[in-house]
Amino acid sequence: MPNSSSISEFLLLALADTRQLQLLHFWLLLGIYLAVLLGNGLISTAVACDHRLHTPMYFFLLNLALLDLGCISTTLPKVMANALWHTRAISYAGCAAQVFFFVFFLSSEYSLLTIMSYDRYVAICKPLHYGTLLGSRACATMAAAQHNVYICNSRTYSRNRSCCRVCPRSWRGCSTVSRSGSLPLADAEEC
């Protein structure tokens, strides 16, 4: 008989031991979650509906709001459910999915913040060239490339290294951004 043991679930540490404090944590986290949903939903709605906000800065702000929604929606609902139902278990697959999506959304947010800082740099230091350097094609290319940068650098979750050849090509498609720009890029040879 072979010795086989597998992990099917993890036990999480509770935020509090008493039921009243767990319910207090649930209501506090629910308030925070609803505030984040409302704030990011209003930002997304305002940028999507008002044609005057269809500029690169607001395009990136819309993407940041959507990434923030994804980031907070990966962990907070499970924490609230555990506090409400007085449970501590999370499945192995659920934990792996939470870690993957949390790292994905968080690293995408950092990449997007880097792109937003480049946008503000161009707007402040080169205002006459802003329209040519950050057109709609450049913005879409940078927003798509942020995901490719993450995929190329995430060797933990994916063993398929063919995506690493996509990153430099996606940057070459945008003539206004060079590889020596402010964004960290993985070289195809390093992957």
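Which side chain does Asp50 meet in a salt bridge? The side chain of Asp50 meets that of Arg52, with an N-to-O distance of 3.2 Å; a salt bridge is defined here as a side-chain nitrogen of Lys or Arg within 4 Å of a carboxyl oxygen of Asp or Glu. The model is a predicted one, in which local features require a pLDDT of at least 70 and side-chain atom pairs count only at pLDDT 80 or more, while totals for chains, interfaces and linings use all residues. Residues are numbered from 1 along each chain as its sequence is written, and side-chain values rest on heavy atoms, with hydrogens and water left out.

The protein contains six helices and two strands, where helices (H or I, at least four residues) and strands (E, at least two) are DSSP runs numbered from the N terminus. Along the sequence, these elements follow the pattern β-α-α-β-α-α-α-α. Of the 191 residues in the protein, 35% are buried; buried denotes a relative accessible area under 20%, exposed over 50%, and partly exposed the range in between, with a 1.4 Å probe and protein chains only.

Two packed helices are described by the angle between their axes and the distance between the axes. The axes are lines fitted to C-alpha atoms, for helices over the stretch in contact, and the angles run from 0 to 180 degrees between N-to-C directions. Helix H1 (residues 19-49) packs against helix H2 (residues 56-85) at an angle of about 160°, with the axes 9 Å apart. H1 is therefore roughly antiparallel to H2, given that angles under 35 degrees count as roughly parallel, over 145 as roughly antiparallel, 65 to 115 as roughly perpendicular and the rest as oblique. The crossing of H1 past H2 is left-handed, a term used if the near helix is turned anticlockwise from the far one by less than a right angle, with right-handed used if clockwise. The contact of H1 with H2 comprises 23 nonpolar, four polar and two charged residues. In this classification, Ala, Val, Leu, Ile, Met, Phe, Trp, Tyr, Cys and Pro count as nonpolar, Asp, Glu, Lys and Arg as charged, and the others, Gly among them, as polar.

For H2 and helix H3 (residues 92-125), the packing angle is about 160° and the axes lie 9 Å apart. H2 and H3 are therefore roughly antiparallel to each other. H2 passes H3 in a left-handed crossing, and the residues of this contact divide into 15 nonpolar, six polar and five charged.

Within helix H2 lies Met80, which is buried at a relative accessible area of 8%. The C-alpha atom of Met80 is separated by 6.6 Å from that of Leu29, although the two residues are 51 apart along the chain. His86 is placed in the loop between H2 and strand S2 (89-91). Although not a glycine, His86 has a positive phi of about 60°, and its relative accessibility of 47% makes it partly exposed.

A search of the whole structure finds two salt bridges. With a disulfide defined as a pair of cysteine sulfur atoms within 2.5 Å, the count is zero. Cys49 is exposed at 64% relative accessibility, and Cys125 is partly exposed at 49%.
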